[in-house]
Each structure stands twice: as structure tokens, then as C-alpha cells.
There are 6 protein chains.
Amino acid sequence: MTESLQGFEARRARGNEAILEGAPLPIKRFFALDHDAYEAGALSRKTKELLGLVASTVLRCDDCVTHHLRGALDAGATREELIEALGISLVVGGSITVPHLRFAWELLDGLLRVGGPEDEGT
Amino acid sequence: MTESLQGFEARRARGNEAILEGAPLPIKRFFALDHDAYEAGALSRKTKELLGLVASTVLRCDDCVTHHLRGALDAGATREELIEALGISLVVGGSITVPHLRFAWELLDGLLRVGGPEDEGT
Amino acid sequence: MTESLQGFEARRARGNEAILEGAPLPIKRFFALDHDAYEAGALSRKTKELLGLVASTVLRCDDCVTHHLRGALDAGATREELIEALGISLVVGGSITVPHLRFAWELLDGLLRVGGPEDEGT
Amino acid sequence: MTESLQGFEARRARGNEAILEGAPLPIKRFFALDHDAYEAGALSRKTKELLGLVASTVLRCDDCVTHHLRGALDAGATREELIEALGISLVVGGSITVPHLRFAWELLDGLLRVGGPEDEGT
Amino acid sequence: MTESLQGFEARRARGNEAILEGAPLPIKRFFALDHDAYEAGALSRKTKELLGLVASTVLRCDDCVTHHLRGALDAGATREELIEALGISLVVGGSITVPHLRFAWELLDGLLRVGGPEDEGT
Amino acid sequence: MTESLQGFEARRARGNEAILEGAPLPIKRFFALDHDAYEAGALSRKTKELLGLVASTVLRCDDCVTHHLRGALDAGATREELIEALGISLVVGGSITVPHLRFAWELLDGLLRVGGPEDEGT
């Protein structure tokens, strides 16, 4: 799981670089503000990543779920917090989101098994 | 604004009662768990209402935006926190969410002008 | 309610005529097949209207809900059948569909109160 | 096809168990009512599965299409009925649903070729 | 129609100003790039407004349809071109987009009746 | 990439044939008008394919992106024009469309590397 996550992150980074290289200005600016929007402000980075996770789940984008699940763990979210956020997604978005919950759960369990957020940074 | 919000809340309550009266069990249970999902747990009620607000905005439902904007204010969210949450919605959901941001902003300013749920800012 | 429904149907008919008058062929053909798709075949017209109602509810289009709710009643669907179909919509589509359920319920109750398409319940 | 379907069902079951084990109450309740909503009532289980299939197709979730296509076959739906339901999905949801129709058709033909859930057509 | 369009544009402008006044940087930047993305480049402004119109129609946002329909007319699009673009929207997005086509048609006919951006047809 | 694209086109053609063989009339007619809608009229085929590409991207369907990206190249669209169309998609649809932009970019670069539309079929 972690390796495939690393594979995902590498593919994602290469894909974004391919887009940014020679992209017109509005696209470049979009990527910049997409990055900035999750910086800590009135809301913590953890809360913002949870917001991104819920938005990604109800809009049903597994790549985006992966990105924000990892971001939330990096920012200190616990398994319980992530699961409650996914629970909100399920209630708002209905059973059509269930395949994405299964995806998120498997990813989360894989990440926590190899050290996860508790081991993060040690 | 507050009056139309009260009108909305009254209409919403009457509509929900009409549904629940004689509804089959799965519908009744859905309404019950929809209520419970926002209770404080690992995440605070404020954070959960912000999650509900972002989900509502990217899925573009003004009634749901109204409900969770008010819920977040009731749970202690500040104007700055709400605006950052709406900013995440805009970045994830794109310009198609802008009409809902205009709606949320007008509602928020109306609520805060009359004292808001807890006399915010006075 | 019935009067506003008649208003809706008149507006809808005028709007469709405006589109069809002078529309390019693909649009005309789309309208024709949209009509034909709900004719009885292996599935009855009632079942097809219920399918249209559920699709309209999870995609959250009140005009379409109105059209198919009325079509299903015309084809003999009962209040109980319609409510179970809306229950499926709620479970698949989540709480974001609730405002459309409130809309459908109010419309349904209005239609049945005045006798409905076939004096349901009298 | 049937084997990959069995693979899908096994993965789906394992994924749901992983979610339910230790999930907060609202999630557990959602799964319970999601199951109950398709039980026969005013509408037959077959009709409810067809409603679930159309909702899944217009919302474009292949896992959900798989689940309800199989459920509808189990409940006695014929190929002709399933195809008419998918036709409604296409008309309501447009060409963006076509890839999911191709998916459903291939799955359906595979299921019927090996005898289907109940040796359909023999 | 034209007057209500002017009302819409005024409300829209006021709403956007309310958002931009004191908004965090990512929101301000989003509004700036949203404006810039429709400037002429490899594609003409007319083509870009038609792209915006189709995106708005399949995502079913009447405010956005209004904005891009007017933008396309301002950039020189003819009634025939607009109708073909809406035809593509209908085919891709299905019958769920029909209410938005009715909306767009009425708006378009109102705009052209009063002279429109270039006195079309007189 | 070209080979996997050929694989995609072959699978797509086989899938469509499977659907059309014995499909009820509304489905057959839908496929016919879906084809006709992109023929040159008031708008060129290139513009119509770009409209289809943007609709496909904001509705987030990679198969549809593949189909219209190739169609636009066949109709003479340049890399710059395609990228500007994808930029409109990103602004309207938000960061949730980014994985589809990565997909489109990789496909586009693969197609142009092997000669692109000009070399196609020679």
C-alpha cells in the first residue's frame, strides 16, 4: 500500500510538472492557489485537509481522496477524526460514495500499519 | 435576512415533519443518523458543521449551505473560519460554485449584522 | 399546488415549443426519443416513470421531479410506491437530496389532496 | 467475467466489513438502512434494484452498477427489462453515461452467458 | 428579460464585490484567473465563452449560463452558434439539462428581441 | 500510448456495437444523434469537439476525454488550443478536475509524440 502510494505520489508529481511546464498563466496560477488554500490561517492545516477530504469524497475522486487523506495524516489527524469526516461524507453524499469509503479505509489502514501518523517524522 | 432565514427554518422543519410522518423506516432512520452525524465526537461539532458546509457548497445546494452555515455559527465558527472553508470549496469545486459563494456571503453578512447567533462582533 | 403545477406544465410546454421551433435536428431527435423512452415495453410506463423520478431526484432537478412524479401518478403509481422510490433516492444520493424530497412530498400531497390524477384515496 | 464478478463481490464484502468493524454508529446505521431500503414493500425488490441501477448509472458509479445489476438479476429482472432501465439512464444522463452502459452491457452478457444468477433463459 | 438581466448583472457584481472585499488571497486570485481564462489566446474569446456556456449547462448552473450566454453574444456568437453549443450540452448531459436549455432559450430570445449585442436579425 | 489508444478505440467500438445490436429504438437513436451533433454546422467540427472535450472534463469522464481529445486533434485543433480548452475546464470545474487534466496531458503528449493527428493513419 505504501509503495503504491509512493507510486501514486510520483505519478502525481510528474503529471503536475508536465502540466505546469509551458502551461498558460491561468493554469499555473490555479495550481499555486490550490497549494496556498490549505496553508494554516484562521483554520488549521489539519482542518483544511479534512475539508478537502470531505469535498473529494462527496465529489467522488479517489486521487483527490488519496492526496487529502495523506495531507490530513501529515497534519496530525487521527484515525478517529478521519473516520468521522468520512462519515459526514457518507451521510451527505449517500451510498454512491461507499466505494470511495472502501478505498479510503484500505488506504488508511495501509498507511497506519506501516507506522502511520504516530510514527511520522521519527 | 434573519426573517427570511427564520422563514426558511420554519419551512424546512414543516417539510421534514411532513416526510417523517408515516415515512417508511429507512427514511426515518436516515433522518436520525443525519442528525447524529454532526454531534461532537473525535471532531468538534464546529468542525463537523464546516465539513457539512464544504460538502454542501461543492455539491451546490443552497438549502444545505444555509443549514450548515447557521449550524457552524451556532457551534462557534467565526466569519474568518467560514470564509476559509468557503475558499476551500471554491478551489475544489471551481467557478461553478461562485453563485453559491455569493449566496453564502450574503447570508453570512445578514446573520452577523443582526447580531448573529451569538452577537458575533458586538 | 395544482394551479402552480398547471402553471409549471404550461411554462414547460411553451419552453419546449420554443426550443423545437427551428432547432437543429439532433435536438429535435433528442426530444422525440426522450418521449419514446417512457413508453411501455418490457417495463411498464409506471416503472419507467419511477425510474425517471429516481434519476431526477439523485441528479437533483426539481423540474424533472415534477414531471416524473406527475407521470408516475398518471401511470397509476400509489403514494406508497412513490415514497419508496424517493426513499431509494435518499439512500443512494444522501442528505443533499433532502430538499428535493421536501419538494416532492409537498407536490405529492398537493396533488393527492385535490383528487390527484385519478382521485387517489377518495 | 463471473470470476471477476466473484472477485468484486469478495473485495466488496471485505471492504464493507473493514468499514463496519469499529465504525461510529451513524456509519453502521447507514449500512443497515442501505440494506433495508431494497427489501420488498409497496414496490417489489426487482423494481427497487432497477431504481438502484438507474441511480447508479446516472451518477456514474461502476461498482454500484455491478451491485444493482446483479441484485436485479437475482430478483428476476430479464435482459430486456435491464436494457430498458439502462435506456432511461442514457436519456436522462446523456452521452456521459455511455462508458457505464458499455460496462453494464459487458457485465450483463457475461452473467447471462454462464447461466446468470439463476440460469436465465434455459 | 433585458431588465431582469440587468438586475442579475448588478446583483452579480455586488455579490462578487462583497466576496472580494477582505477575502483571503486564494479567493482573490481565483477571481482574477477566472477573468483571465476567457481572454483571447490560441482560442478566440467567442470560442472560450462557448466553452464556458457548455460547461455551465452540463453542470446545470443557470447563473453561469446567463453569464456565458451574454459573454458569447458580446464576443460575436450568433443565435445559430449558441444553439449548436446548447445542442452539444444536451447530448452530453442528457434530459436533466433540458430545464436549463429552456432557461437559455428564453434568455437568448429576450436578448435578441431587444436588439441584442449586435441587433441580430434586424 | 498510441497503442493503448488503439486498444481503447477498439474496445469502445466493440462495446458500442454490443449495445446497438438488439438495443431498443431510443438507445439506437441516441447513438445516431450523438454522432450527428458533432458534424460541422454553424460551428466547425473542431469547435464542437472542443465543446465535447470541456463537457467531458468538467463531468470527469476519462473515456469521453479520450474520445473528444482525439476528435479535436483529427479536426485540426492544436496543442495550444486544447490546453486553453482544458484551462477553461479547470477554472469552471476546480481542482477536482486536475486528475483528468493529468490524464489528458499525458494522452496529448503521447499522441503528438508519434506524429499526432497529421500522421494518423498514414
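This is a short walk through a predicted model, from its confidence scores to its chain contacts and a few single residues.

Confidence to begin with. The model scores ipTM 0.91 and pTM 0.93. Chain A has a mean pLDDT of 91. In that chain, 91% of residues reach 70 or more. Over residues 116-122 of chain A, pLDDT stays under 50. The model has 5 contacts beyond four places in sequence for that stretch. Where pLDDT is low, the predicted coordinates should not be read in detail.

Now the contact of chains A and B. How many residues does each chain bring? Chain A brings 25 residues, and chain B brings 25 residues. Look at the chain B side. Three helices each supply at least two residues there: α2 (25-36), α3 (45-58) and α5 (79-93) of chain B. Which one gives the most? That is α5(B), with 9 residues. By class, the chain B side that touches chain A has 14 nonpolar residues, 6 polar and 5 charged.

How are these two copies related? A rotation of 180°, with 0.0 Å of shift along its axis, puts chain B on chain A. The RMSD of that superposition is 0.0 Å. This is the relation of a two-fold axis. And the surfaces? Of the interface residues of chain B, 100% are also interface residues in chain A, so the copies meet through the same surface.

Next pair: chains C and D. Here 26 residues of chain C are in contact with 25 residues of chain D. On the chain C side, α2 (25-36), α3 (45-58) and α5 (79-93) of chain C each supply at least two residues. The largest share of that side comes from α5(C), with 10 residues. The class count for the chain C side is 14 nonpolar, 7 polar and 5 charged residues.

Chain C goes onto chain D by a rotation of 180°, with 0.0 Å of shift along the axis. The RMSD is 0.0 Å. The same surface serves both copies, since 96% of the contact residues of chain C recur in chain D.

Now inside one chain. Two packed helices are described by the angle between their axes and the distance between the axes. Take α3 (residues 45-58) and α5 (residues 79-93) of chain A. They pack at an angle of about 35°. Their axes are 9 Å apart. The crossing of α3(A) past α5(A) is right-handed.

Which residues meet there? From α3(A) come Leu50(A), Leu53(A), Val54(A), Thr57(A) and Val58(A). From α5(A) come Glu81(A), Ala85(A), Leu86(A), Ile88(A), Ser89(A), Val92(A) and Gly93(A). By class, this contact has 8 nonpolar, 3 polar and 1 charged residues.

On to single residues. Start with Phe31(A). It sits in helix α2 (residues 25-36) of chain A. Buried would take 20 or more. Leaving aside neighbours within four places in sequence, Phe31(A) is in contact with Asn16(A) and Leu20(A). For a distance, take Arg14(A), 17 residues from Phe31(A) along the chain. Their C-alpha atoms are separated by 14 Å.

Next is Ala75(B). It lies in the loop between α4 (62-74) and α5 of chain B. Ala75(B) has 19 C-beta neighbours inside 10 Å, so it counts as partly exposed. Beyond four places in sequence, Ala75(B) is in contact with Arg45(B), Lys46(B) and Glu49(B). Glu49(B) is 26 residues from Ala75(B) along the chain, and their C-alpha atoms are separated by 7.9 Å.

Last, a backbone point. Arg60(D) is not a glycine, yet it has a positive phi of about 65°. Where is Arg60(D)? Arg60(D) lies in the loop between α3 (45-58) and α4 (62-74) of chain D. Arg60(D) counts as buried, because it has 20 C-beta neighbours inside 10 Å.

Now chain E. Phi of Arg60(E) is positive, near 65°, and this residue is not a glycine either. Arg60(E) is found in the loop between α3 (45-58) and α4 (62-74) of chain E. With 20 C-beta neighbours inside 10 Å, Arg60(E) counts as buried.

Note on methods: Residues are numbered from 1 along each chain as its sequence is written. Chains are lettered from A and ligands numbered from 1 in the order in which they are written. This is a predicted model: local features need pLDDT of at least 70, side-chain atom pairs count only at pLDDT 80 or more; totals for chains, interfaces and linings use all residues. Two residues are in contact if their C-beta atoms, placed from the backbone, lie within 7 Å. Helices (H or I, at least four residues) and strands (E, at least two) are DSSP runs, numbered from the N terminus. Ala, Val, Leu, Ile, Met, Phe, Trp, Tyr, Cys and Pro count as nonpolar, Asp, Glu, Lys and Arg as charged, and the others, Gly among them, as polar. pLDDT is the predictor's confidence in each residue, from 0 to 100. A residue is buried if 20 or more other C-beta atoms lie within 10 Å of its own, exposed if 12 or fewer, and partly exposed in between; C-beta atoms are placed from the backbone. Copies are superposed by least squares on the C-alpha atoms of residues with pLDDT of at least 70 in both. Axes are lines fitted to C-alpha atoms, for helices over the stretch in contact, and angles run from 0 to 180 degrees between N-to-C directions. A crossing is left-handed if the near helix is turned anticlockwise from the far one by less than a right angle, and right-handed if clockwise.
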